[in-house]
Amino acid sequence: MIRNYLTIALRNLRKHSFYTMINVLGLAVGIASCLIIVAYISHELSFDKHHQDADRIYRVDCEIKFGPNHLRLAVSPAPLAEAFRSDYPEVEAIGRFWNDGSMLVKRVDQNIKETRAVFADSSIFRVFSIPFIQGNPKEALREPFTMLLSRSAAAKYFPNEDPLNQTLILENKDAYKITGIYEDMPVTSHFRYDMLLALVSHPYHKDANWLSNNFSTYLKLRPKATREALEAKFPQMVDKYCGPQAKLALGGEFTMEQFRASGNKIDFTLRPLADIHLRSDMIGELGTNSDITYVYLFGAIALFILIIACINFMNLSTARSSNRAKEVGVRKVMGSLRGHLIRQFLTESVALSFVSFLLALGIAWLALPSFNELAGKELFLPFGRSSFWLQLVSASLAVGIIAGIYPAFFLSAFKPANVLKGNLSLGMKSGLVRSALVVFQFFISIVLIIGTIAVNRQLSFIQQKKIGFNKDQVIIIKDAYGLGDQLESFKEEALKDSRIISGTISGFLPVTGTNRSDNTFWPEGAQPTQENLISLQTWRVDHDYVKTLGMQISEGRDFSREYRSDTAAVILNRSALGLFGITDNPVGKAIMTWGGNSIDGELDPKQFEKYTIIGVLEDFHFESLRQSIAPLGLFIRKSSGLISFRFQAQHAQEVIQGLEATWQRIAPGMPFAYSFLDQDFESMYAAEQRLGKIFTVFAGLAIIIACLGLFALTAFTAEQRTKEIGIRKVMGASVASIVMLLSKEFGKLIIIAFFIAVPAAWFGISKWLDTYTYRTEIGAFIYLAAGAIAFLIAWLTMGYQSFRAATIDPVKSLRSE
C-alpha cells in the first residue's frame, strides 16, 4: 500500500512539474532559512552549558544608587569573596577575575599585544570546568608571578617546545613562570582567555575597600543550597561590611535603614551563569554579550518564513483541487475510503517535504559561511551527529504533515456523485481559506519590510546625529604606555609632520573599550550628604585634548599651559551642570570632592579638594545612544594609554607610515597598533548593523517565498480561466483590462494585509526604539513605503503571469469548443 501511495505521489508530482518546482523551491528556501536560524539560536542558548554543575554557578552582581547616580555592575568588591568563604557555608567555592584589558607579552625581545589575558584566583578551577593538558589545577596560580596558557597560546609562544616552567615577560617588567596548559576555552563561553595570571601578583588582590567594585566574582553553591535563600542574607552582609565604610565616606551618622529609606541602595544579587550571555548588559562585563531579544526575534522570523512556505503548499494544493477531483471521485467509486485518500495526499506532502529538506541542507551549507560573516558567529551544521539527522527527519515529517493536512482533508471530502456529473463546486470555504493564507503571508512580509526600514533608519540616525565631537580624521595609537618616559618625545616628533594638525595623550576617549573612571563630587558651599552627591565621570586629559577631538566649549575656556592653576580646574559638560544645580554663570564656581588626590583613585575622607569650573563642554556621546549622556568632568592629569592625532584627510596613508617609522625609532621591538576614531565609534553599534543586515536578508527571503506562491497561484488562476480570457478577447477586451481582471483579486488581499500589518509593526518597532534614549522618528511615510514596496513586488509578480495569459492567441484557448 505504501509503495502504491509513493508511486501515485511521484506520478502526480511529475505531471505538475511547474507547481512541484515552486513548492519544492519555496519550502527549501524556507527550511534552509530555518536551519540557519535554528543553528544560531542553538549556539546562543548553549553558552556556558559546558561547565560541570553549571546550574549551581552564579556571578555576583552589584547595584549602587546614590541620589541621582544609579549603577548596575557585573563586578563587585575585592573583599567580598573572603566574606563569602567565612560567613556562608552554603558556598562550595568562589573565585575572582580581574580584567586589566590588553597586555604586552614577550618571550625574547618582540612584544605581542594580548587582549585575552586576565588575573584569576587559584580557586577559579573549583568553580569552572577548565580541562588541563599539563600541570595541576589544585596548585595552579597559588604562587605570585605564575601563569597558565591555553593550548593555542602555548603553541604560539613555544612552538615544538615544552612551555612548562618557562617564562614570559609582561608589560616589559614582570617575569611570569608558566605552571600549566589548559584546553582552549570554547566559543560558547562568555569569557575566553588564553592567559590566566595569578591574582596574588596583582597589587589590589587584597584591597579592603567595600565601595570599590573591580572584581568579577563567581561562586558555586552546594547541591542543596538555593539562590533565593542566600540572597535573603545579603542585606545583613551589606550592613556589616559596606555600612561602616559608607558612613565614613559620606561623613555622617546614619543607619543603613535610613540610607535605604532615602532611596539609596547597595545591593548584591546572584546571576545564574547560563543567563549572563543573553540576559546581562551591565558595566564591567568580561566580554560583549548578546541579547535574548534577538533569539526571540530570529526564532519568530524562522517560524514566519516556514509558515509562509507551508502556506504556499496549502494554497497550491487546494487551488489545484479541481484537477484532482475526478481522481478522487473515481477512487471513491472503486472503493477507496476517505482515510486511504487522506494517507495518499499526506504521502505526497511528506515526499515533497523530504525532497525540500534535502535541497535545503545544500542551500544552508552553502549559505552558512556568508551568514557567519554577517552575524559574526562560528556556526556549523552538525552533519556528524545522529541526533541531527533524527531531528531533521522528524522535522520533515512534521512539516509535511502540517503543510498537507488541510489539503488532504479538503480534497478527500469531495462527493463522487457530484464530481463525476461535473457538478464540482469548490464553494466559498476553499476560496476564503486560501485568501486568508495569502493575507497572512503578506502580513508577515510587510511587517519584516517595515522592521528592516526602521532598523536601517535608526542606524542612519546614529551615523548622522551630531555627537558633540568630530570623530573623522583622528588616528588612535594603541598601547602608548609601552613608550614609558618616551611618551612626550613621541608626540613631539609626530607633530613635526605638517600633515598632523594636533595630538593628545589620554586613555579616555568617547568610544567604548577605552578608560572610564568616576568619583563622587558635591557643589561648593555644601556638606556632602546622601542627597547632593554626584557620581561624575573623571577623565584625565592633557591640554590638547579638546582641540584634537573637536569638542565644543560653549562657555569659559579650554585648559592652557599658561595657567598653572589649571591642575585644580575642571571642564564640565552640560549634563553635569544640571545635576550640580548650576543654572547660570558656571565659570568660576567650584565642585568639591574628598582629598588625597581622589582624581587618581585615592581617598582621604578627612580632607576636601576643590576644583574650579573654567569651561563648559557641549554634551557629547561617549557611550551608546541607548544611554543618556552621563555627567562628565575633564581634569589635567597624566593618562598614558592612548595617543590620538588629528590629521589632514588626504594624507592618511602617509601619516600612518610616518607614525610607524617614528614609533619604531623610539620604541624598537614594541608592536605598532592603531585604529581610527570614526571606525571605533561605529563598532559600538556593530550589533545593530548586523541586525539591520540580517533583517534585510530575511525580509527579502520572506517576500520572495510569498511571491513564489503568488506567482504560482496567479499562473493557476490564469490556467483555469483560459477559455474565459479567450472569450473576453474575442469580445474585444484589451490586454490591460484582462491583466487588471486577473490581478485585482490578489491586489485586494495585499491591501488588507497592509492594514493589518501596520499596527503590529508599529507596536514592535516602538518597543525596540524604546531601548534607545536617542532615537529616530518613524513616520507614516515609512509604513506607506513598506506597503508600496510589497504591493509593487506582488503586482509585478502577478502582472507577469497575467500579461502572459492575456496575450495568448484566443484561437488556441477556444480550439476545443
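These are my notebook entries on one predicted protein model.

**Ground rules**

I'm working with a predicted model, where local features need pLDDT of at least 70, side-chain atom pairs count only at pLDDT 80 or more, and totals for chains, interfaces and linings use all residues. Residues are numbered from 1 along each chain as its sequence is written, and side-chain values use heavy atoms, with hydrogens and water left out.

**Overview**

I looked up the helices and strands and got 25 helices and 24 strands. These are DSSP runs numbered from the N terminus (helices are H or I, at least four residues; strands are E, at least two). Of the 817 residues, 51% are buried. Buried means under 20% relative accessible area, exposed means over 50%, and partly exposed is in between (1.4 Å probe, protein chains only). The accessible surface is about 37,300 Å², and carbon and sulfur atoms hold 57% of that; I note that the areas come from the Shrake-Rupley method with a 1.4 Å probe, and for residues only the protein chains shown count as cover.

Next I checked contacts (heavy atoms within 4.5 Å). Taking those between residues at least 6 apart in sequence, 79% join residues at least 24 apart.

**Cores**

Which residues have the most contacts inside the largest nonpolar core? I found Phe442, Trp539 and Leu634, in a core of 111 residues. Helix H15 (residues 427–464) gives the most to this core, 13 residues. A nonpolar core here is a set of buried Ala, Val, Leu, Ile, Met, Phe, Trp, Tyr and Cys residues joined through side-chain atoms within 4.5 Å. Leaving out residues up to four places away in sequence, Phe442 touches Ala706, Cys707, Leu710, Ile750, Ala753, Ala790 and Ala794. I also noted a second, separate core of 28 residues, including Ala83, Val91, Trp210 and Phe268.

**Gly633**

I found Gly633 in strand E22 (residues 632–636). Gly633 has 0% relative accessibility, so it counts as buried. Its contacts, not counting residues up to four places away in sequence, are Leu536, Gln537, Thr538, Trp539, Val570, Ile571 and Leu572. Asp518 is 115 residues away along the chain, yet its C-alpha atom is separated from that of Gly633 by 9.3 Å.

**Helix H16**

In H16 (residues 487–494), I marked Leu487, Phe490, Lys491 and Ala494 as buried. Why do the buried residues line one face of the helix? Down the axis of H16 they fall within an arc of 100°, so one face is what they line. The arc is that of the directions from the helix axis to the C-beta atoms. These buried residues pack against strand E15 (500–505), strand E23 (643–647) and helix H19 (652–666).

Most residues other than glycine have a negative phi. Asp48 isn't a glycine, but its phi is positive, about 65°. Asn165 isn't a glycine either, and its phi is positive at about 70°. Are they buried or exposed? Asp48 is buried, with a relative accessible area of 1%, whereas Asn165 is exposed at 56%. I placed Asp48 in the loop between H2 and strand E1 (57–66), and Asn165 in the loop between helix H5 (151–157) and strand E9 (167–170).
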